[in-house]
Amino acid sequence: MRHPPITILASASVPEAAAQMRAGHVGCLGVLENGRLVGVITDRDIVMRAVVGGERAMRLRVRDVMSPEVLFCSDRQRVEDAAAALGDHQVRRLPVCDARARLVGMLSVDRIAEEYSEHLAGETLGEIVETRLGPRP
C-alpha cells in the first residue's frame, strides 16, 4: 500500500485535488473531514463529474464530486482478501484503515503487482475488467 496516503480536505477545490494528484503521481486521494475518511476522489471523478461542467467546475469543492460510499479494508486484512474486494467491487484502489478507522494507506492493483504478487494483481485486474465487460460468447 502507499503509506502515508495522500489526502485532501472535503472543503478543498477540485483544481487543488487535481494538482495534488499530479504532484503525487496518484489517481486517487482520501477525502478527510475532521480527521476522518469521508470519501475518495479519483481522477475519473474529476473528469466525469467536474470537467464536463465547464466553467462551473473551477468552483466545485471536493465534496461535490467525490465518491462518498467508501469501501475500505483493514490494515490487518490479508492482501488476498483485499484484492478480492477490489475485484468484487470493480475498483482499482482501496483505502486502508486502522482499528480506529483512521486512514493509514491506499492499496492499488499496481502496488499489489509491484510489492506483493504480479499474479494476484493480474487475477484481480482480470476480475475488474471481466465484470465490467461481461461474459464473452
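Arg-63 is partly exposed, with a relative accessible area of 40%; partly exposed means between buried, which is under 20% relative accessible area, and exposed, which is over 50%, using a 1.4 Å probe and protein chains only. The structure is a predicted model, in which local features need pLDDT of at least 70 and side-chain atom pairs count only at pLDDT 80 or more, while totals for chains, interfaces and linings use all residues. Residues are numbered from 1 along each chain as its sequence is written, and side-chain values use heavy atoms, with hydrogens and water left out.

Side chains of opposite charge can pair when their charged atoms come close. Here such a pair is called a salt bridge when a side-chain nitrogen of Lys or Arg is within 4 Å of a carboxyl oxygen of Asp or Glu. The whole structure holds four salt bridges. One of them joins Arg-63 to Glu-33, with 2.9 Å between the closest N and O atoms. This pair links distant parts of the chain, 30 residues apart: Arg-63 is in helix α3 (residues 62-65) and Glu-33 is in strand β2 (residues 28-33). Helices (H or I, at least four residues) and strands (E, at least two) are DSSP runs, numbered from the N terminus. Glu-33 is also partly exposed, with a relative accessible area of 33%.

Another salt bridge connects the side chains of Arg-111 and Glu-115, at 2.8 Å from N to O. These two residues are four residues apart in helix α5 (residues 109-115), so about one helical turn separates them. Arg-111 has a relative accessibility of 23% and counts as partly exposed.

Glu-80 and Arg-78 also meet through their side chains in a salt bridge, at 3.9 Å from N to O. Glu-80 is partly exposed, at 30% relative accessibility. Arg-78, Glu-80 and Asp-81 are linked in a network of salt bridges.

Next comes Thr-124, which is found in helix α6 (residues 118-133). Is Thr-124 buried or exposed? Thr-124 counts as buried because its relative accessibility is 2%. A polar atom of its side chain lies 2.8 Å from the backbone oxygen of Leu-120. Leaving out residues up to four places away in sequence, Thr-124 touches Ala-83, Leu-86, Gly-87 and Val-109, where contact means heavy atoms within 4.5 Å.

The model also has pockets. On a 1 Å grid over the protein atoms alone, a pocket is an open set of points where a 1.4 Å probe fits, with protein on both sides within 12 Å along at least five of seven lines; lining residues have an atom within 4 Å of a point. The largest pocket contains about 490 Å³ of space. Its lining has 19 residues, and Thr-42, Gln-90, Val-91, Arg-92 and Arg-93 lie nearest its centre. Two or more lining residues come from each of β3 (36-42), α2 (43-50) and β5 (93-97). The largest share of this lining, four residues, is from α2.

The second largest pocket has a volume of about 360 Å³. Of its 17 lining residues, Val-26, Gly-27, Arg-93, Ser-108 and Asp-110 are the closest to the centre. Both β6 (103-108) and α5 supply at least two residues of this lining, and α5 gives the most, with four.

How values were computed:
Polar contact = N/O pair within 3.5 Å; in protein donor to acceptor, adjacent residues only side chain to side chain. Points joined across faces, edges and corners; volume = space filled by probe spheres on them.
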